[in-house]
Amino acid sequence: MESVVFICGTYSNLITAIELSTTHKVTVLEINAEIGLPSVSPGHIYNKELLTHYLTPKQIKFLQLYTFEDGFTLRSEWGLKHLAVHAAEKGVEIFTRTRITSCTETEKDFLLEFQGGGPNS
């Protein structure tokens with residue numbers, strides 16, 4: 001099984017990690033203590049139905065979606081936290097407080113070394 005590493009627990013990385021989790025060994029490296037913190041921007045989504053593929057109705061309600069002319073705003077930090085839980089349930093490894101110390105390209109792939117979370121801390 002091929003490995004995939006995502007750097008940062010962003011919406012796009014977490015959703016892609018969830019999608020790849022059935023065919024790849026997936027790891028997310030996050031520098032912060034928790035995915036979703038610190039919250040630096042409001043969440044925005046054009047089509048709220050996209051959330052139904054990844055979140056429960058209760059989780060979506062908790063995000064407090066608010067309609068405006070270009071879609072919906074939401075509590076971005078909680079959206080990320082809910083996605084991280086879903087990713088972990090799908091077998092994605094998530095290492096918080098983790099910093100990449102080096103990245104080396106080999107003939108076949110990349111070799112990442114990191115400090116912080118994970119089995120080598």
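**Figure 1. The buried residues of helix α1.** In the predicted model, Asn-13, Leu-14, Ala-17 and Ile-18 of α1 are buried, where buried means under 20% relative accessible area, exposed means over 50%, and partly exposed lies in between (1.4 Å probe, protein chains only). Seen down the axis of α1, these buried residues fall within an arc of 135°, so they line one face of the helix; the arc is that of the directions from the helix axis to the C-beta atoms. An α-helix has 3.6 residues a turn, so residues three or four places apart point the same way. The buried residues of α1 pack against β1, β2 and α3, contact being defined as heavy atoms within 4.5 Å. Helices (H or I, at least four residues) and strands (E, at least two) are DSSP runs, numbered from the N terminus. Residues are numbered from 1 along each chain as its sequence is written, and side-chain values use heavy atoms, with hydrogens and water left out. Because this is a predicted model, local features need pLDDT of at least 70 and side-chain atom pairs count only at pLDDT 80 or more, whereas totals for chains, interfaces and linings use all residues.

**Figure 2. The salt bridge between Lys-25 and Glu-93.** A salt bridge is a side-chain nitrogen of Lys or Arg within 4 Å of a carboxyl oxygen of Asp or Glu, and by this rule the count comes to three. In the pair of Lys-25 and Glu-93, the closest N and O atoms are 2.8 Å apart. Lys-25 is partly exposed, at 40% relative accessible area, and Glu-93 is partly exposed at 32%.

Figure 3. Glu-34 and Lys-81 form a salt bridge through their side chains, with an N to O distance of 2.5 Å. Glu-34 lies in the loop between β2 and β3, and Lys-81 in helix α3, so this pair ties together parts that are 47 residues apart in sequence. Glu-34 is partly exposed, with a relative accessible area of 39%, whereas Lys-81 is buried, at 15%. Lys-81 also lies over the face of Trp-78, at 5.7 Å from the ring centre. For a charge to sit over a ring, NZ of Lys or CZ of Arg must be within 6 Å of the ring centre and within 35 degrees of the ring normal.

**Figure 4. The aromatic pair of Phe-62 and Trp-78.** Rings of Phe, Tyr and Trp (its six-membered ring) pair if their centres lie within 6.5 Å; planes under 30 degrees apart count as stacked, over 60 as edge-to-face and the rest as tilted. By this rule the count comes to two aromatic pairs. In one of them, the ring centres of Phe-62 and Trp-78 are 5.2 Å apart and the planes stand at 85°, so the pair is edge-to-face. The pair links distant parts of the chain, with Phe-62 in helix α2 and Trp-78 in helix α3 (residues 76-89), 16 residues apart. Phe-62 is partly exposed, with a relative accessible area of 37%, and Trp-78 is partly exposed at 29%.

**Figure 5. The salt bridge between Arg-75 and Glu-77.** The side chains of Arg-75 and Glu-77 are joined by a salt bridge with an N to O distance of 3.6 Å. Arg-75 is partly exposed, at 26% relative accessible area, while Glu-77 is buried, at 18%.

**Figure 6. The surroundings of Thr-98.** Thr-98 lies in the loop between β6 (93-95) and β7 (99-105) and is buried, with 5% relative accessibility. A polar atom of the Thr-98 side chain lies 3.4 Å from the backbone oxygen of Phe-95. Not counting residues up to four places away in sequence, Thr-98 touches Leu-29, Glu-30, Ile-31, Phe-114, Gln-115, Gly-116 and Gly-117.

Figure 7. Leu-37 and Pro-38 are joined by a cis peptide bond with omega about -10°; Pro-38 is placed in the loop between β2 (25-29) and β3 (43-45). Cys-8, which is not a glycine, has a positive phi of about 95°. Cys-8 occurs in the loop between β1 (3-7) and α1 (11-20) and is partly exposed, at 33% relative accessible area. Gln-64, also a residue other than glycine, has a positive phi near 55°. Gln-64 is located in the loop between α2 (57-62) and β4 (66-68) and counts as exposed at 53% relative accessibility.

Key
Polar contact = N/O pair within 3.5 Å; in protein donor to acceptor, adjacent residues only side chain to side chain.
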